[in-house]
Amino acid sequence: MITLWELGGRNGRRYSLFSWRTRMALAHKGLAFESKPVCMSDKAVIAFSGGKTVPIVKDGETVVRDSWKIAEHLEDRYPSAPTLFGGDVGRGVTHAFNVWIDRAAVLPMLAVIVADVHERVEPADEQYFRESMEKILKMTLEETRKGRAEAMARLTRTLEPMQALLKRQPWIAGAQPAYADYILFSLFQWARVMSPQPVAEAPLREWFERVLDLHGGFARKVPTA
Ligand SMILES: N[C@@H](CCC(=O)N[C@@H](CS)C(=O)NCC(=O)O)C(=O)O
């Protein structure tokens, strides 16, 4: 049995974008898992992992923290299940995409949705979340609400290459969906679970709907904003 520690929000929401990468990777591999929701401010409960972030996976006796390392672990441990990367070159390119999304796109999306996310975290996390996000964004949550249109424009500009790509091929990974799709998907699922604002335009919007339908609608059937 695989156990996944991840952020839990109000009303059963699972809102860690990085944990959505892991969830999708597990579904892609056809692996069942048990979800253990944790509060962002409760570091004692995840101390066993040696770190302070989720997702964390325990697979048998193996504990893996960090969504990219978890994806590599699943690919190596379950080689006969559908591939996440499509070989060594695909693994390298997917890693490059992972780094690009994390460095270029996560902050622009955060700036758009952060105040909505704050309204949906567990009450025990409200203060911790506010303090850490205001430090990262160098502005108050109230200021992010005022700057939303500008943040949305920055996000759209950042992701324009993905809009162009999705006019040429159906999935980020090419002809079939794979882990690269889940990396980009995680941003929009984060928004879908925690914010009532629409954030994706066509053709990204249609691609997002296709990912929601994958694996029996696994990602569609969850509590959202
Ligand atoms: N590179 C890590 C990033 C993980 C990460 O930042 N997780 C966030 C939740 S989305 C977290 O646990 N934050 C805890 C904190 O900020 O205290 C990964 O890909 O797993």
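Which residues are around the ligand? I started there, bearing in mind that this is a predicted model. I found Leu 7, Ser 16, Phe 18, Met 40, Lys 43, Lys 52, Thr 53, Val 54, Pro 55, Asp 66, Ser 67 and Tyr 128. The ligand takes the space of the largest pocket.

A polar side-chain atom of Lys 43 lies 2.6 Å from a ligand oxygen. Tyr 128 places a side-chain N or O atom 2.5 Å from an oxygen atom of the ligand. The backbone contributes too: a polar backbone atom of Val 54 is 2.8 Å from a ligand nitrogen. Alone, the ligand exposes 510 Å², and the protein buries 77% of that.

The bond from Val 54 to Pro 55 is cis, with omega near 10 degrees. Pro 55 sits in the loop between strands S2 and S3. Ala 202 and Pro 203 are also joined by a cis bond, with omega about 0 degrees. I placed Pro 203 in the loop between H7 and H8.

At its start, a side-chain oxygen of Asp 66 comes within 3.0 Å of the backbone nitrogen of Trp 68. Buried residues in H2 include Ser 67, Trp 68, Ile 70 and Ala 71. Their cover includes strand S1 and helices H1, H3 and H7.

Last, I looked at backbone phi. Asn 11, in the loop between S1 and H1, has a positive phi of about 55 degrees. Asn 11 counts as exposed because its relative accessibility is 64%. Lys 138 has a positive phi near 55 degrees and lies between H4 and H5. Lys 138 is exposed at 74%.

Notes
Residues are numbered from 1 along each chain as its sequence is written. This is a predicted model: local features need pLDDT of at least 70, side-chain atom pairs count only at pLDDT 80 or more; totals for chains, interfaces and linings use all residues. Side-chain values use heavy atoms; hydrogens and water are left out. Buried means under 20% relative accessible area, exposed over 50%, partly exposed in between (1.4 Å probe, protein chains only). Helices (H or I, at least four residues) and strands (E, at least two) are DSSP runs, numbered from the N terminus. Contact means heavy atoms within 4.5 Å. A polar contact is a pair of N or O atoms within 3.5 Å; within protein, one must be able to donate a hydrogen and the other to accept it, and residues adjacent in sequence count only if both atoms are side-chain atoms. A residue is near a molecule or strand if one of its heavy atoms lies within 4 Å of it. Accessible areas come from the Shrake-Rupley method with a 1.4 Å probe; for residues, only the protein chains shown count as cover. On a 1 Å grid over the protein atoms alone, a cavity is a set of points where a 1.4 Å probe fits but cannot get out, and a pocket is an open set with protein on both sides within 12 Å along at least five of seven lines; lining residues have an atom within 4 Å of a point. A molecule sits in a cavity or pocket if more than half of its atoms lie within 2 Å of its grid points.
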